[in-house]
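Hi,

Here is the structure I promised to pass on to you. Have a look at it first, and then read on for what turned up.

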Amino acid sequence: MRELAHRLFAYEVVVGKTSEPMEFPILRIYEKLRQSLSAFAGVAAFESLAFRALTQAKSEAPGLWAVQVAQGGSLQGLGQFEPQIDMDKDLADRFPAGDGGIILIACLLGLLLLFLGDALTLSLLRNTWPDEAFDDRSSENGRNT
Amino acid sequence: MSTQDKVKINKLPTGVPGLDEIVGGGLPEFSFNIIAGAPGSGKTTLAHQFVFANATSDRPALYFTVLGESAIKMLRYQQQYTFFDPAKLPGSIRFINLSQVVLEKDLGAVLEEITKEVEKANPAVVVVDSFRTMVRKPESDMDLQSFIQRLALFLASWQATTFLIGEYAEDELRDNPIFTVADGLFWLRQTPERNSIVRKLQIIKLRGQDSVPGLHTFRITDAGLQAFSRTFGLTGHVKDPPSHRRLCFGIPELDKMLGGGVREGDSVLVAGSSGTGKSVLATQFIAEGIRLGEPGIVAVFEERPQAYAERAASLGLDLETPRKDGKLAILYLRPLDLSVDETMHSILDTVKKLGAKRLVIDSLAGFEMALAPGFRADFRESLYRMIFALTGIGVTILSTVEVDESFTEFPFSTYSISFLTDDIIRLRYVSIDGQLRKIMVVIKMRGGNHAKDIREYEITSKGVVILGKRLTNFQGLISGVPIHSDRSEAKEEPSQEPEIGSKS
């Protein structure tokens, strides 16, 4: 799941500006998931999932301690207190673990996989990122390379 | 107006096996329908089956969820069904949650939201689940009526076939505007009967369509809902013309007593007490049919198919080979909450698959016990429908029935169903010369003449074997305790054999 989160991150980094802070692509991923999941399952359902994912992520990434899921499911406080990472270095290293935002996305995707299974999670991701090829049968691994 | 001037209403597949026949060939396109019933009655699953059967990427289905089960949980459970095709999501089937609008705004805003999504997607199918939760808020009757009216008009104009799902109680049928506006009203029921659960569905109304009236049983399996029509899927079937062919038992003396065999398409009842050889006779009937190239079905309720085949083998009858060759099916039907309609569905499917000509039901008592208690109350009526339907398609049915042995009367059946049968063969014990022996008599043959003889028989390693000539030297044989008559030394009269028909 972490790898899939990294892939989404890489996609959003390319889409965004090179000088933007690390949390921006993460927020874009989160926001896209929030939009599509809220439309599909309702705001309350997304809020619940996001809250659970954040709780899971905080246990792995204490730097997320100040992050909160606000009413409507939006994310607040990301990047404020977390140590910033070196974008060039970490991109080159395929995003090592330790990035709280990516862990949060991975936890959210993990919950989707748990509740909806591979096929539906993949469908949802394809719908949310229509330009990205999620052609692996297992969404856990993302695209076959 | 001539038929060709009339507007043609397309019929959409319901996606529920058996339901198309019940609704008159399919669901009318652009109709506005309600699926009502208590929680757990299968409403959402029915709607999903319809959606998966009809949604395409060009004309998708919009599934609006409201306050009830969240879409995530709903999909978690629904994807367990075999009809669920994940490739249809989200392109062909789109879930949209309306909870927020319903909670925060009024019905006008809800209609606006639905309108917006429908205009965007141009759906062929729209489902609102649960509609009941949407209109539970206190609104004036006029507001509600206006909302339903506008929703129905809008969705029909957009050429969408609609399902509104709601938890309604039956006493709400009256005075509820939604039921007036609806074109179709599907009511699902789930009733506990002793330790069994019986599911039934009723099409209370369906405009423009000739649906099958009454309560139809249905079952929910891993394939979703499966409905069993009261007419067994034979609506419009013209009864086959009567046949003059005779079907043999392969027991020459018995076949003679029957005038050459039972008439094709008859319903035969073999009645007798325990151990008189009813099942043996039934097995011989099936085996003889297979020998003559007539595929058969045995529906057993009291023993497993393997045990049934092994018992036949002990009589020198090979049922295993025709089973493997697709000439014989032994159906074991005993889930304890069965309906006659479900049994019929299994039998009819097998009749079609095998091209079966002979059917044995062994036994009616076992069949009755396999039914849910509520269905046992209707057993006679159900048997009537079943026998009528099966003989109507040319199947010859032989049913066995156990009767209590009595020395004061000579009952034919414990079910008072002798009027349902064309032919009755009665087996019974008699006490003769300090032995408990067996006699057989043909009581009735609706289609022709039969022997009046009372014949003694034995069950041997070759099955039922009729002994000697008719018993002329006893009186009161059918009482079970006959007395020797004076004719014991008299010259034996020949058996009265009826005219022989064309044999099979």
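In which loop of chain B is B:Asn122 found? The answer is the loop between helix H5 (107-121) and S6 of chain B. Helices (H or I, at least four residues) and strands (E, at least two) are DSSP runs, numbered from the N terminus.

Before the rest, a word on conventions. This is a predicted model, in which local features need pLDDT of at least 70 and side-chain atom pairs count only at pLDDT 80 or more, while totals for chains, interfaces and linings use all residues. Residues are numbered from 1 along each chain as its sequence is written, and chains are lettered from A and ligands numbered from 1 in the order in which they are written.

Back to B:Asn122: its phi is positive, about 50°, although it is not a glycine. B:Asn122 counts as partly exposed because 13 other C-beta atoms lie within 10 Å. The cut-offs, with C-beta atoms placed from the backbone, are 20 or more other C-beta atoms within 10 Å for buried, 12 or fewer for exposed, and partly exposed in between. B:Asp433 likewise has a positive phi of about 50° and is not a glycine. The loop that holds B:Asp433 lies between strand S19 (423-432) and S20 of chain B. With 6 other C-beta atoms within 10 Å, B:Asp433 is exposed.

Chain B also has some cis peptide bonds to look at. One runs from B:Asp129 to B:Ser130, with omega near 5°, and B:Ser130 sits in the loop between strand S6 (125-129) and helix H6 (131-134). Another joins B:Asp362 and B:Ser363, where omega is about 10°. B:Ser363 belongs to the loop between strand S17 (358-362) and helix H14 (364-370) of chain B.

B:Gly26 is in the loop between helix H1 (19-22) and strand S2 (27-28) of chain B. B:Gly26 is partly exposed because it has 17 C-beta neighbours inside 10 Å. Twelve residues along the chain separate B:Gly26 from B:Thr14, yet their C-alpha atoms are 6.2 Å apart. Setting aside neighbours within four places in sequence, the contacts of B:Gly26 (C-beta atoms, placed from the backbone, within 7 Å) are B:Lys11, B:Leu12, B:Pro13, B:Thr14 and B:Asp20.

Next, the strands towards the end of the numbering I looked at. Strand S20 (residues 435-445) and strand S21 (residues 454-460) of chain B run antiparallel and are joined by four bridges; two strands pair if DSSP finds at least two bridges between them. S21(B) also pairs with strand S22 (residues 463-467) of chain B, antiparallel over five bridges, and these two form a hairpin with two residues between them. B:Glu456 in S21(B) is the bridge partner of B:Ile439, and B:Glu456 also stands opposite B:Leu467 in S22(B).

Now the cores. A nonpolar core here is a set of buried Ala, Val, Leu, Ile, Met, Phe, Trp, Tyr and Cys residues joined through C-beta atoms within 7 Å. The largest has 103 residues, and A:Ile105, A:Leu108, B:Val51 and B:Val127 have the most contacts inside it. Helix H5 (residues 100-128) of chain A gives the most to this core, 14 residues. Apart from this core lies another, of 73 residues, including B:Ala299, B:Met344, B:Ile439 and B:Met445. Beyond four places in sequence, B:Val51 touches B:Ala61, B:Tyr63, B:Ile93, B:Val125 and B:Val127.

As for the two chains together, 15 residues of chain A are in contact with 14 residues of chain B. On the side of chain A that touches chain B, H5(A) gives the most, with eight residues. That side has eleven nonpolar, four polar and no charged residues; Ala, Val, Leu, Ile, Met, Phe, Trp, Tyr, Cys and Pro count as nonpolar, Asp, Glu, Lys and Arg as charged, and the others, Gly among them, as polar.

Finally, chain A itself has five helices and two strands, in the order α-α-α-β-β-α-α from the N terminus. Of its 145 residues, 41% are buried.
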